Amino acid sequence: MTNYFQKKNNQWSILVIIILSIINILNIVYNTPMVPDQHWAQKIFYVHVPSAWIGFLSYFIVMISGFMYLTSRDNKWDNIGLAASEIGTFFMALVLITGPIWATPIWGQPWVWEPRLVTTLILFLIYIGYFMIRAYGGYIERMKRNAAALGIVAFINVPIIFLSVQFWSPEIQSHPQVEMAEQPSEILSPFIFSLIVFTMLYTVMIRYRVYVINLNNGMNEDV
Amino acid sequence: MLSVQNISKAFNRKKILKNISFSQKEGESIVFMGRNGAGKSTLFRIIARLMTYDNGSIIFQGKNLLKVKPIHSSKLFYLGHSPGMYHPFSAIENLNFLLSLRKIYKDQSEILDVLDQFGLMESANEPIGVYSEGMLQRLKIVCAQLMDWDMILIDEPFSNLDKDGLDLVQKHISFWRSQNKTISMILHNKNHAENFCDRILTLESGIIK
Amino acid sequence: MFLVLLKKELFIELRSKELILSMVVFGIAIVLAFSFSSNLSRAVVINYASGMFWITILFVSALGVHRSFAYEKEYDAFSMLVTAPIDRGLIFLAKWVSGFIYLTLMEILIIFPFFKFLMIDYPSNILIAISTTLFINLGIMAVANLVSGIAMRSNLSEILLPILFFPLVSPIIIAATKISTSVMLNDSYVLWEIWVLIVGSIIIISGLAGYVLFDYLVEE
C-alpha cells in the first residue's frame, strides 16, 4: 500500500487545507465585525456552526455506510462508517464545548436547553454507545453488523429528537444568530467561507482516517 | 441436494473456514470430523443460516440459501450442541412450539409415543430446565424424529448418551438413512462415523482434506 | 406465525413468572426511592409526578426487555427461532407486543402505590390517561426491543442496553412527561397533540427499523 503522504494529490490537498485554514482563522479574527454585547465570544459562531454541520454530515455518512455494509457486507463501508463516526464525534464534542462558551455572554450561563445543543448532546451520547458496541460487540464481524444497525437507528431518530426538544421548551429560542437568512453579508460571507473550509478539512480527515483503518486491517489480516 | 461453494468465515480476522466446497447428493450421509476448533460446528451453523459468512454460496434444493427468505429452507433441519429449547417449557410444550414454527401439526398421541420410545414419557410434562444432559440430547433426537425434513445437520448426536440412549439414536439414524434422508453429522468417533455414513470429510485448518 | 411467537412469549412468562415479578418489585422500589428522596411539598410533587412515573417506567422497561432476551440465550433457544423458516422480523414484533403487555401489566400493579406514596390525586379523565399511557408504552417498547436486538449478542449486553436505550428513548420521555402532565391538568388536546404525533412517529420509525434490521441482528 502506497504511503498516503507520498501521493501528489494528497500532498496538495493537505497543503491547500492548511493554507485555507490559516486564512480562515485570520479572516475570523481580523475581518469579521465585532457584534455589540458579544464581542470576541461571537466569533466562536464561525467555528461552532460549521462544526455542527460537519458532525451531522458525518453521522449521516455513518447511517449510509451502515446501510451499505448490511446490504453488501463489503468491509470498505464499515471502514468509512468507523472513520465518519470518529470524526463526527470529535466535531460534536467541539460543538458541545464551543456552544457553552458562546452561550455565556448571550444567556448569562454556559448551558441552556437550546434545541440544537440538546440534540447534539443526545446524539453524542448515542455515539458513545456506538463506540462501546464497537469495543464490546463480540467478535469483529458481528460487531460491524451491530454497529451498522446502530448507526442507522441513531441518525433516523435525529429529526424526532430535534423536534421533541424544540417543542419541549418553546420559550428557549435558538440563538438568533443561527438564523442565517437574516445575517448581513459581512457576517454571512466569512461564515460560508468557514463552512467550505471545514467541509474540505473534513474530506481530507476522513480520507486519511479511512487510509489508516485500511492499513491497520491489512496488517492484521491472515493472522 | 446441497452444494456448498467457497464458504469462508473469519473470527476476529482469523480465518476459521477457507473456501470450503463440497456437494451432497440426496440420500447421502456425510460425517464431518476434525480436531476441536477446526470449524465443523461453524460450518453447520452457516449452512443452517444461524451464522453469517464472509463469502461463498450454499445451494439447497436449487436455491441459494443465503439470498432467499428463510421459508425456502423449511426442509433443512439443524440440531446444534445446545438443546435449542426454552427451559421453562416442558418437553411437550417445546415440541409443540417447534412444530408450529414449521407449520407441522401432529397429534399429541404421536408426540407422546416418540417421547416414550426415548424414555422421556415420565418427565414429558416437567420443565426441561430440570433435565439432565443425556435427557436433553434424547429430546433433541425426538424433535428431529417429529420434524418434516429432507436434510438434517446434527452436531454430535451421540454426546452425553448412555448405552440405551446410544442404541436408540443409532437406530433412528439408520431408519432415516433407510428413508433416503440426507444426513450430515459431526462426530469424533471414527467407528461411529464409518457405521453411519457414505463419506467422511475431515476439516483441518479451515479446509476439507 | 406472529401469534405462535406471541403465544410463546406470553406462556414463558406465565410459566416462569420472573419478568412481571421483578419489574413490579423494581418499580415499587424506585417509587419508594422517589418518595424518600424528594423532600418536596405536595404542590411541587404534582408538577414532577409525570417525570417520576416515566423515569420509573424507563428503568423497569430496560430490566424487562433484557430479561426477555435472556430467555433466548439460555439453552440457545434462539437458534431454533433463527433457523426456523419464518420471517425474522416477526420475532421482533412478537417481543414488542409481549413487552408492551408486560409493561402495561406492571403499570397496573404499581400505579396505585405510585399515587398513594406520592400523595397525588388520580387524573379526572381516566380514559384519556389510560389510552395515552398505552400509546406511550408501545413507543417505549419499540425502542427498547430494537436496542436490545442490537445489544443482545454483545459481551456487555446488560450494560450496553441502558447506555444505548436511554438517549434513544429521550424524545418519548419528553413527550410522555408532557402528555401526562397535560392530562393531569385537564389541558385541551390541541395543546398536547404535537406530543402524540411525536410518539406516533417514533412508533412507526422504530417499529419499521426493528422489523427490517432484525434479520441482520439475529445471526451470529
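**View 1. Interface of chain C and chain A.** In this predicted model, 29 residues of chain C are in contact (heavy atoms within 4.5 Å) with 31 residues of chain A. About 2700 Å² is buried between chain C and chain A, and carbon and sulfur atoms give 76% of that area; buried area is the accessible area (1.4 Å probe) that two parts lose on being put together, summed over both. On the chain C side, Ile150(C), Leu168(C) and Tyr216(C) lose the most area to chain A, together 21% of what that side buries.

**View 2. Helix 5 of chain A against helix 9 of chain C.** The axes of helix 5 (residues 140-156) of chain A and helix 9 (residues 189-217) of chain C come within 11 Å and cross at roughly 170°. Helices (H or I, at least four residues) and strands (E, at least two) are DSSP runs, numbered from the N terminus. Axes are lines fitted to C-alpha atoms, for helices over the stretch in contact, and angles run from 0 to 180 degrees between N-to-C directions. Helix 5 of chain A and helix 9 of chain C are therefore roughly antiparallel to each other (angles over 145 degrees). From helix 5 of chain A, Arg145(A), Asn146(A), Ala149(A), Ile152(A), Val153(A) and Ile156(A) meet Ile205(C), Ala209(C), Leu213(C), Tyr216(C) and Leu217(C) of helix 9 of chain C. This contact of helix 5 of chain A with helix 9 of chain C comprises nine nonpolar residues, one polar and one charged. Ala, Val, Leu, Ile, Met, Phe, Trp, Tyr, Cys and Pro count as nonpolar, Asp, Glu, Lys and Arg as charged, and the others, Gly among them, as polar.

**View 3. Helix 6 and helix 8 within chain C.** Helix 6 (residues 126-151) of chain C and helix 8 (residues 170-184) of chain C have axes that come within 10 Å and cross at roughly 175°. These two helices of chain C are therefore roughly antiparallel to each other. Ile128(C), Ala129(C), Thr132(C), Ile136(C), Gly139(C), Ile140(C) and Val143(C) in helix 6 of chain C meet Ile172(C), Ala176(C), Ile179(C) and Val183(C) in helix 8 of chain C. By class, this contact has nine nonpolar, two polar and no charged residues.

**View 4. Interface of chain B and chain C.** The contact takes 33 residues from chain B and 25 residues from chain C. The area buried between chain B and chain C is about 2800 Å², with 63% given by carbon and sulfur atoms. In chain B, Leu50(B), Tyr86(B) and Leu101(B) lose the most area to chain C, together 24% of what that side buries. Four salt bridges are counted between chain B and chain C. Glu219(C) and Arg49(B) meet through their side chains in a salt bridge (4.0 Å, N to O).

**View 5. A salt bridge within chain B.** Asp148(B) forms a salt bridge with Lys75(B), with the closest N and O atoms 2.7 Å apart. The pair links distant parts of the chain, 73 residues apart: Asp148(B) lies in the loop between helix 4 (133-146) and strand 7 (151-155) of chain B, and Lys75(B) in the loop between strand 5 (63-64) and strand 6 (76-79) of chain B. Over all chains the count comes to 21 salt bridges.

**Notes on confidence and numbering.** The model scores ipTM 0.87 and pTM 0.89. Chain C averages a pLDDT (the predictor's confidence in each residue, from 0 to 100) of 89. Residues are numbered from 1 along each chain as its sequence is written, and chains are lettered from A and ligands numbered from 1 in the order in which they are written. Local features need pLDDT of at least 70, side-chain atom pairs count only at pLDDT 80 or more, and totals for chains, interfaces and linings use all residues, while side-chain values use heavy atoms, with hydrogens and water left out.

How values were computed:
Angles under 35 degrees count as roughly parallel, over 145 as roughly antiparallel, 65 to 115 as roughly perpendicular and the rest as oblique.
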